[in-house]
Amino acid sequence: MKNFSLIYDIALQLLKARWKQTLVAAIGVTFSITMFITLLGFMNGLNDLLDGLILNRTPHIKLYNEIKPSPVQPIEQSSTNDSGHNFIESIKPYSGKPEIRNIGAIMSYLQKDKRVKGIAPKITAQVFYNVGAVDLTGVINGIDVEAESKLYFFQDYVVGGDYVNLKNVPNSIVLGKGAADKMLAKVGDVIQITTAKGDRVQLKVVGFFQSGLADIDKIQSYTSISTAQKILGKPNSYITDLQVKLWNIELAPKVAKEYAKMFEIDAEDIQTANAQFETGSSVRTTISYAVGITLLIVAGFGIYNILNMMIYEKMDSIAILKATGFSGKDVRQIFISIALSIGFFGGLAGLGLGFLLSNGIDQIPFKTSALPTIDTYPVDYNPKYYIIGIVFSLITTYLAGLFPARKASKIDPVIIIRGK
């Protein structure tokens, strides 16, 4: 192979000789990379937004006692009819208690488990919000305010008042925004609720919670664990749910099965609870990659056509190069260098324009009452999209230049010179 600088200089001269076609090819690559970066950044920003609404508020593993029929019916324990088969209909749930037994020992074990990032105990209680003569169905969640804020970003969804007052003010409540609007409640007001047992309790409103899911915000509200226990008339050990967050979310299904067997309790992992949601996110991401790669392939065909035309127009120059001692490998290297140069510089320009366009989208106001924590359209600036973009740019342009380069390397200089 000749000196690389000489080969590159020849490639540069060929590019300058057809600079308009070269510019068109580079613009094609630039446009493809720009749209690739912008589309992936926006779509994955949207996915992250939806993940924040659902997945970030969902524990990786939820430990609880599910209400279900007894697995063994009394008639099956009888030995009087061992040869027969029992058909049982309309089985009612057994009278098991919803609280988690041995909660202290379980929490102590989880806190020592190195796979666990944190735990947040929770109490779920069915109630009615009393609004004059009307009773509205509701759910009150008793939470550990500090753990809920640290692990599940509770504070980000409190749109009025101060969530810390939930811990500091006795008998306080953070109302769901939809429920508060129905009740015309303001921060500082006192509302009345009725428990499932008929007990009436007055609670002070210290804030409003808005998850972005309207149906949930019309029903769900929050109190401290101690307040929830007082509402239900339960002891300090009463906990109905234990929310576990792991360092590695992929371990959730395996660890959930392990905990269910170890603690003899029901365990639900986040993958099972949100299977349909995760499928939607993966489909959107796949579509984004497919569109971006398609754009790059289209740009590759443009480069392929331009290099083919360049070979036909420069056959005499190629013949002279080969007649003066350049091998077919050298000629192939020249045309591949042309293709890679178009891909590299066009790709770099595309990365810059993609970042600027993504930043422009990130500045567009996006205000909606359903998403109080969002001010602008979401964009993800993950560096991996830029790395994937430039790598695909180089691969596409290399393949686009490979076939014309092989054709140029096989040109017989004797035939071309005789024809001249």
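Guide: A residue is called buried if its relative accessible area is under 20%, exposed if over 50%, and partly exposed in between (1.4 Å probe, protein chains only). This is a predicted model, in which local features need pLDDT of at least 70 and side-chain atom pairs count only at pLDDT 80 or more, while totals for chains, interfaces and linings use all residues. Residues are numbered from 1 along each chain as its sequence is written, and side-chain values use heavy atoms, with hydrogens and water left out.

Visitor: What share of the residues of the chain counts as buried?

Guide: The chain contains 15 helices and 10 strands; these are DSSP runs (helices H or I, at least four residues; strands E, at least two), numbered from the N terminus. Of its 420 residues, the share that counts as buried is 44%.

Visitor: What part of the accessible surface of the chain belongs to carbon and sulfur atoms?

Guide: The accessible surface, computed by the Shrake-Rupley method with a 1.4 Å probe, comes to about 22500 Å² for the chain. The part belonging to carbon and sulfur atoms is 59%.

Visitor: Which residues have the most contacts inside the largest nonpolar core?

Guide: A nonpolar core is a set of buried Ala, Val, Leu, Ile, Met, Phe, Trp, Tyr and Cys residues joined through side-chain atoms within 4.5 Å. The largest one has 27 residues, and those with the most contacts inside it are Ile37, Ile334, Phe335, Ile338 and Ile342.

Visitor: How many residues are in the second, separate core?

Guide: This core includes Val116, Ile119, Leu232 and Val244. Ile119 stands opposite Val244 in strand S9, and Leu232 is among the buried residues of helix H8. The number of residues in this second core is 26.

Visitor: Why is strand S9 largely enclosed by the rest of the structure?

Guide: Both faces of S9 are covered, with Asp241, Gln243 and Lys245 buried on one side and Leu242, Val244 and Leu246 buried on the other. Strand S9 (residues 241-246) is therefore largely enclosed, the number of its six residues that are buried being six.

Visitor: Which strand is joined to S9 by six bridges?

Guide: Two strands pair if DSSP finds at least two bridges between them. Strand S1 (residues 61-64) pairs with S9 in the antiparallel sense over four bridges, and Leu63 has Leu242 as its bridge partner. The strand joined to S9 by six bridges, also running antiparallel, is S2 (residues 116-131).

Visitor: Which strands do the buried residues of helix H8 pack against?

Guide: Helix H8 (residues 225-232) is mostly covered, as six of its eight residues are buried. They are Ile225, Thr227, Ala228, Gln229, Ile231 and Leu232. Judged by contacts (heavy atoms within 4.5 Å), they pack against S2, S3 (134-143), S5 (172-176), S6 (190-195), S7 (200-209) and S8.

Visitor: How many residues apart in sequence are the parts tied together by the pair of Phe154 and Tyr222?

Guide: Aromatic rings of Phe, Tyr and Trp (its six-membered ring) pair if their centres lie within 6.5 Å; planes under 30 degrees apart count as stacked, over 60 as edge-to-face and the rest as tilted. Phe154 and Tyr222 form an edge-to-face pair, 5.1 Å centre to centre with 65° between the planes, and Phe154 is buried at 0% relative accessible area, as is Tyr222 at 3%. Phe154 lies in the loop between helix H4 (145-152) and strand S4 (158-161) and Tyr222 in strand S8 (residues 220-224), so the separation of the parts they tie together is 68 residues.

Visitor: What is the angle between the ring planes of Tyr259 and Phe263?

Guide: Tyr259 and Phe263 are four residues apart in helix H9 (residues 252-263), and so are separated by about one helical turn. Tyr259 is buried at 0% relative accessible area, and Phe263 is buried at 18%. Their rings form a tilted pair, 5.6 Å centre to centre, and the angle between the planes is 35°.

Visitor: Is Glu264 buried or exposed?

Guide: Glu264 lies in the loop between H9 and strand S10 (266-269). Its phi is positive, about 50°, although it is not a glycine. At 65% relative accessibility, Glu264 counts as exposed.
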